[in-house]
Every structure is written in C-alpha cells, then in structure tokens.
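Me: Hey, could you walk me through this one? I'm new to it.

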Amino acid sequence: MKTENIKECTSKEECLAAFPVMRQLRTHLDETAYLALIEEARQKDSYRLFALYENDEIVALAGFKPMITLYYGRFVWICDLVTDQAKRSNGYGEKLLEFVHDWASKEGYERIALSSGLQRTDAHRFYEEKMEYDKVSYVFKKEL
C-alpha cells in the first residue's frame with residue numbers, strides 16, 4: 001500500500017534529498033549552486049520548496065514564492081514544478097498544484113502564475129487542459 005504526503009523542505013538535508021528530482025528540471029545547477037540559490041531565494045523572496053513523497057521517496061517537487069505586483073495583484077509564482085521522470089503520469093503534478101492552490105487561498109492570494117519553456121508542450125497541455133490554466137502572455141528574458 002502506498003502512502004503519500006507533502007512536506008516542506010526546510011533543512012539542508014531535505015533540500016539535498018530533493019536535488020536529484022530538481023536536477024531533472026534545472027539541469028544547469030550543481031548541488032552547491034542549487035543550495036546557495038535556495039537559501040538566497042528563501043531569505044530575499046520568501047521561496048518555499050515542497051516535496052511530494054510516496055513511501056518516503058520524493059517523487060515530485062513544487063517551489064513557489066508569494067508575490068504582489070500591479071498586474072497580478074496578490075499571487076503565487078510557481079518557480080519550479082517537476083515530477084521524477086520515472087514517476088510521471090501518476091497525478092503527482094496535479095496533487096502538488098492543488099496543494100499550492102490551497103496554500104495560496106488560505107494565505108489570501110488571489111491567483112497562481114507560472115512560466116513554462118516553449119519546448120515543454122506536454123507540460124503546456126497539462127496546465128491548460130488538466131489544470132485549467134489560461135495562457136496569458138509570453139515571458140522574455142535578456143542575459144546580462
């Protein structure tokens with residue numbers, strides 16, 4: 001019988017345990033950079049990282065931060081959402097997004113927003129069709 005639970009990764013050890021799954025999404029990061037960025041994002045941006053465990057194994061992660069802007073008002077920006085490649089299509093992404101939705105509602109936030117790489121067509125289908133997200137803009141970036 002499988003047991004599932006969602007837990008916030010708050011310690012260095014918990015974040016390190018999450019790294020192999022996060023690395024599947026953030027392939028450019030090594031452990032040192034990953035840990036440093038999590039720490040800085042927590043201190044400066046109120047970043048939160050939650051793991052979905054199945055039988056004590058991390059199968060999916062959601063990283064997000066609450067924000068306030070003139071465009072979106074009070075909202076939660078999902079920075080990272082990833083399910084372990086070997087565990088995809090089992091509803092884990094949906095469970096984590098529902099968790100974030102519930103967290104945001106309880107904390108008084110009005111909406112959820114995220115960006116997704118142009119090449120991630122399966123993810124886009126998931127957000128739009130399964131989770132009923134609206135595609136509202138393009139995200140642009142410039143390297144400095």
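**Salt bridges, cores and a patch**

Reply: Arginine 125 pairs with aspartate 122 in a salt bridge, the closest N and O atoms being 2.3 Å apart. A salt bridge here is a side-chain nitrogen of Lys or Arg within 4 Å of a carboxyl oxygen of Asp or Glu. This is a predicted model, in which local features need pLDDT of at least 70 and side-chain atom pairs count only at pLDDT 80 or more, while totals for chains, interfaces and linings use all residues. Residues are numbered from 1 along each chain as its sequence is written, and side-chain values use heavy atoms, with hydrogens and water left out.

Me: How far along helix H4 are arginine 125 and aspartate 122 separated?

Reply: By about one helical turn, because they are three residues apart in helix H4. Helices (H or I, at least four residues) and strands (E, at least two) are DSSP runs, numbered from the N terminus.

Me: Is aspartate 122 buried or exposed?

Reply: Aspartate 122 is exposed, with a relative accessible area of 55%. Arginine 125 is partly exposed, at 41%. Buried means under 20% relative accessible area, exposed over 50%, and partly exposed in between (1.4 Å probe, protein chains only).

Me: How many salt bridges are there?

Reply: The count comes to twelve. One of them joins arginine 26 and aspartate 80, with the closest N and O atoms 2.8 Å apart. That pair links distant parts of the chain, 54 residues apart: arginine 26 is in the loop between helix H1 (12-25) and helix H2 (31-45), and aspartate 80 is in strand S4.

Me: And aspartate 80, buried or exposed?

Reply: Aspartate 80 counts as buried, because its relative accessibility is 9%. Arginine 26 is partly exposed, at 25%.

Me: OK, new topic. Which residues have the most contacts inside the largest nonpolar core?

Reply: Phe64, Val76, Ile78, Leu81 and Leu97, in a core of 20 residues. A nonpolar core is a set of buried Ala, Val, Leu, Ile, Met, Phe, Trp, Tyr and Cys residues joined through side-chain atoms within 4.5 Å. Strand S2 (48-54), strand S3 (57-69), strand S4 (73-83), helix H3 (92-106) and helix H4 (121-130) each supply at least two of its residues. H3 gives the most, with six.

Me: What does H3 pack against?

Reply: Its buried residues pack against strand S1 (4-8), S2, S3, S4, strand S5 (111-114) and H4. Those buried residues include Leu97, Val100 and His101.

Me: Why does histidine 101 count as buried?

Reply: Because its relative accessibility is 19%. Not counting residues up to four places away in sequence, histidine 101 touches Ile112, Met131 and Tyr133; contact means heavy atoms within 4.5 Å.

Me: What comes just after H3?

Reply: Glycine 108, which takes a positive phi of about 90°.

Me: Last topic: which residues make the nonpolar surface patch?

Reply: Leu118, Tyr138 and Phe140 make that patch of about 490 Å². Patches are made of residues with over 30% relative accessible area and no salt bridge: like charges are joined within 9 Å, nonpolar side chains (Val, Leu, Ile, Met, Phe, Trp, Tyr) within 5 Å. Accessible areas come from the Shrake-Rupley method with a 1.4 Å probe, and for residues only the protein chains shown count as cover.

Me: Where is leucine 118 found?

Reply: In the loop between S5 and H4. Leucine 118 counts as exposed, because its relative accessibility is 70%.
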